[in-house]
Amino acid sequence: MDLGAVTKYSALHAKPSGLILQYGTAGFRTKAEHLDHVMFRMGLLAALRSKQTKSTIGVMVTASHNPEEDNGVKLVDPLGEMLAPSWEEHATCLANAEEQDMQRVLIDISEKEAVNLQQNAFVVVGRDTRPSSEKLSQSVIDGVTVLGGEFHDYGLLTTPQLHYMVYCRNTGSRYGKATLEGYYQKLSKAFMELIKQASCSGDEYRSLKVDCANGIGALKLREMEHYFSQGLSVQLFNDGSKGKLNHLCGADFVKSHQKPPQGMEIKSNERCCSFDGDADRIVYYYHDADGHFHLIDGDKIATLISSFLKELLVEIGESLNIGVVQTAYANGSSTRYLEEVMKVPVYCTKTGVKHLHHKAQEFDIGVYFEANGHGTALFSTAVEMKIKQSEQLEEKKRKAAKMLENIIDLFNQAAGDAISDMLVIEAILALKGLTVQQWDALYTDLPNRQLKVQVADRRVISTTNAERQAVTPPGLQETINDLVKKYKLSRAFVRPSGTEDVVRVYAEADSQESADHLACEVSLAVFQLAGGIGERPQPAETTCNINNAFGLGTANKHTV
Ligand code: 16G
Ligand code: MG
């Protein structure tokens, strides 16, 4: 390791003194102008991780649903999953090292992780459409090459496409060809075969309006749509030609404001969906005949997918185990429907894809979705074995096994993928002959409210039981329990955000009014017991226009 060269080139990507950043739930994220040194150093770290794992490592330059001025970076591990927790600490440590300490920190990491510095390194890089992304990804490449690493710059990619490329490269292309063409072909071929099996021939299933958040999703869907246009015509909105990235549009906006994106005219009962800025989240929605807005979020997507997969397993006559993984934000109605109606086991993990992904790997079929639309399904090798053996099954079972095989190919098993999830959902709706209203009617969400509270230091709040209970500060959970008892079908929890300097409060109950009251009272308890700063949360009746107080929409479901 030519430490002299590292020091020389690091000086070209100097760290603003005193700037401290944390590798959080989704990597580093902050104002783009504060990230040049982080990008260079993540290039260094990716090269070390590649040497240690003797595998291709990915570096994605994006800030997902954040405003355009922000940017961010995250590393992708050999099987396309999120970076291992121990290396997240190395990332934070390296990013915050003062210039004169860089060499020592690099040596520490190499020794702690027993990195064979003679080993080759190969890193693949992708970026989103933010104006700052191209230059920042070049800084990543500088970091990789100064340690003698080789690289492939894929340029503009959705985040899940980069996860897919890493997974393909480290599985000897058994999972797929590590090119955009390979990605488009694999998903579209599986989709078209499924659509062919769908008996319905109505147009209903053949057109979809897609809000691309003025992000990378538009570019990539444009490139891909002709591969599946025989099965589905997509009409793209917020395609980046005029609007601003994630501004008043995109999955995060629709979800947290409970209203349709700007720049998309919607007729009643028309099926629509939104991607987020880096196309790893998706939510669906429609306006009913009375013009009411109906959101179909990650919980309802997980319900549609797991129900379909369970029915397929029954059809094939296979007793493979299936599990659904959610977080505390999952609406109580979705969990009840899955457990009591669909009879599938449901598990709850902490917020953040890596937690759901790891839990989902424990099942033969693990479906995981956050309520905000982040998710996918994972299939164990046992499932693929069963499918291979299905040749000698009778016709009906063989057809179901073929359908399962295509669904597996359609899922991006490396990461939550808006494009892949969209095609899976469209295929299932077509195969089951379901309208978006019928999908929505599977269960009714419990009214809920989500609020943010500013506190001096959000880390005073620690949680347990998948973030559903607060351990510190003392007395907070007891207060929440007492407040929850006042309402029916009620539930509430608080957690420090991993992407913003706020504490998030979630409450659900039998009515919107009760959910609003409970959310406000819990916010007040947080403010009083966890060192609230700024404006004191007001009791619901005085802020009946809670929405305005927190700039949220009027519909009944609020999330991150
Ligand atoms: C990040 C996470 C997402 C999580 C969100 C929670 C990844 C790739 N993304 O966007 O899964 O839902 O953070 O944000 O893990 P919060 O901590 O601010 O509530
Ligand atoms: Mg995203």
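**Figure 1. Thr499 in its loop.** In this predicted model, Thr499 is found in the loop that joins β18 (491-496) to β19 (503-508). Its relative accessible area is 42%, so Thr499 is classed as partly exposed.

**Figure 2. Asn372 and its contacts.** Asn372 is located in the loop between β13 (365-369) and β14 (375-379). Asn372 counts as buried because its relative accessible area, 9%, falls under 20%. When residues up to four places away in sequence are not counted, Asn372 touches Lys255, Arg281, Ile282 and Val283.

**Figure 3. The cis peptide bond at Pro473.** The peptide bond that runs from Thr472 to Pro473 is cis, and its omega is near -5 degrees. Pro473 itself is placed in the loop between β17 (469-472) and α17 (476-485).

**Figure 4. Asn238, a residue with positive phi.** Although Asn238 is not a glycine, its phi is positive, at about 45 degrees. Asn238 belongs to the loop between β7 (233-237) and α9 (251-257). With a relative accessible area of 14%, Asn238 is buried.

**Figure 5. Ala466, a residue with positive phi.** Ala466, a residue other than glycine, has a positive phi near 55 degrees. The loop between β16 (462-464) and β17 contains Ala466. Ala466 counts as buried, its relative accessibility being 14%.

Methods. Residues are numbered from 1 along each chain as its sequence is written. Chains are lettered from A and ligands numbered from 1 in the order in which they are written. This is a predicted model: local features need pLDDT of at least 70, side-chain atom pairs count only at pLDDT 80 or more; totals for chains, interfaces and linings use all residues. Side-chain values use heavy atoms; hydrogens and water are left out. Helices (H or I, at least four residues) and strands (E, at least two) are DSSP runs, numbered from the N terminus. Buried means under 20% relative accessible area, exposed over 50%, partly exposed in between (1.4 Å probe, protein chains only). Contact means heavy atoms within 4.5 Å.
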